[in-house]
Amino acid sequence: MSPFSAASLPSADGIWADVRLADGLAQPDVPVPPGEAAAIVVQQGLMRWVGPAAALPDAFVGLPRRAGQGRLATPGLVDCHTHLVYGGQRANEFAMRLAGASYEEVARAGGGIVSSVRATRAATEDELFAQAAPRLQALLDEGVCAVEIKSGYGLALEHERKQLRVARRLGEAFGVTVRTTFLGAHALPPEYAGRSQDYIDLVCGSMLPALAGEGLVDAVDVFCERIAFTLAETEQVFQAAQRLGLPVKLHAEQLSDMGGAQLAARYGALSCDHIEHLSAQGIAAMRAAGTVAVLLPGAYYTLRDTHLPPIQALRDAGVPMAVSTDHNPGTSPALSLRLMANMACTLFRFTVPEALAGITTHAAHALGLQASHGLIASGRPAHFVLWPVAEAAEIAYWFGDRPACTVVRQGRVARGG
Ligand code: NIG
Ligand code: FE
């Protein structure tokens, strides 16, 4: 058995009385008057009733009482864009960038994604698991209850498989919802230099179908960029995903406007991510397709980017905005989703309610998990966090701290109590 086994965590069944519900992040069965204590009833791992503690239905009165302690309840956090499984690290590139090199220059000099590919290929599945486990634990300690994990550092069937298998194993061992995303089209592997089309044919014709057949792929992503894949190549991958009935998402318009968002929207993409250079047409297409905008302030910050994503235009258009760590060893070695919420406010001018919805409700949506995650409501699996804060803004306001919160994940008390 894995040392990280979640099976030993205590059940969260009972009445979590005396909690406060964060505005906009809960749908109680009975409205909770302002200032009144709320209760969340958990039975057999599901939230069965949410409402004013004083109006608890008789059916639940006999259940054990859990200590809410007046804390603020939010849904479990959702980190909807990570590259959590990889070998090695890239602190050397951090130093290169500090000395003035750009992300594109680092990549063209043989660093960047391809350097993580070398380290990932050299690692065994168990080594990758052992390296990713503490990273996942850091996210979970902050209340993350669902996390997306991409492949894309293997770039060959056996190594992409290894990454995705580790992602699945992490989900089982830690008792956390993991959505796997196949990102075989992340970068051109060195052995395909000058043969981009051959590599895309391999991705579409054999890698993706094989891995999907093994149940390792929940969604398909592409890095559509000057230093990665063209719009036409991206579309080929999307067509392959469509043939397999898999949803798509896209690393879009990070360094330039490639028109990726419009393409992704045509394929009904779950999300377009990064989008610093997103155009008005891209926004309109995303709005029409119901595609979530995933903002990644950790990458923006690390790359010392100065081209802000079009937040006000997205807001005006009513495109749901999520926020994620984009955890990866190159452009966002971030292990705090709360810090990303803080940065979304400070760097991108999100409001606090937008930032909180961005790391819960809208992030769940970006993974197609809106029916089970990102909202406190009865009938859903019990994923929630109780925060020792006076007001919701504190979740995004403090940074660098580790508040003593209680985390209920998959119906178990994963942290605190
Ligand atoms: O999301 N933009 C492309 N992919 C990653 C970076 C990966 C890397 O540099 O290793 C990202 O930022
Ligand atoms: Fe990414």
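Author: The space taken by ligand 1 is the largest cavity. On a 1 Å grid over the protein atoms alone, a cavity is a set of points where a 1.4 Å probe fits but cannot get out, and lining residues have an atom within 4 Å of a point. A molecule sits in a cavity if more than half of its atoms lie within 2 Å of its grid points. The model is predicted: local features need pLDDT of at least 70, side-chain atom pairs count only at pLDDT 80 or more, and totals for chains, interfaces and linings use all residues. Residues are numbered from 1 along each chain as its sequence is written, chains are lettered from A and ligands numbered from 1 in the order in which they are written, and side-chain values use heavy atoms, with hydrogens and water left out.

Reader: What volume does the largest cavity have?

Author: A volume is the space filled by probe spheres set on the points, which are joined across faces, edges and corners. Here the volume is about 100 Å³. Among the 14 lining residues, H83, Y103, H186, N328 and T331 are closest to the centre of this cavity.

Reader: Which side chains make polar contacts with ligand 1?

Author: A polar contact is a pair of N or O atoms within 3.5 Å. Y153 places a polar side-chain atom 2.5 Å from an oxygen atom of ligand 1. A side-chain N or O atom of H83 lies 3.3 Å from a ligand oxygen atom.

Note on methods:
Polar contact = N/O pair within 3.5 Å; in protein donor to acceptor, adjacent residues only side chain to side chain. 1 Å grid on protein atoms, 1.4 Å probe; cavity = no way out; pocket = protein on both sides within 12 Å on 5 of 7 lines; lining within 4 Å.
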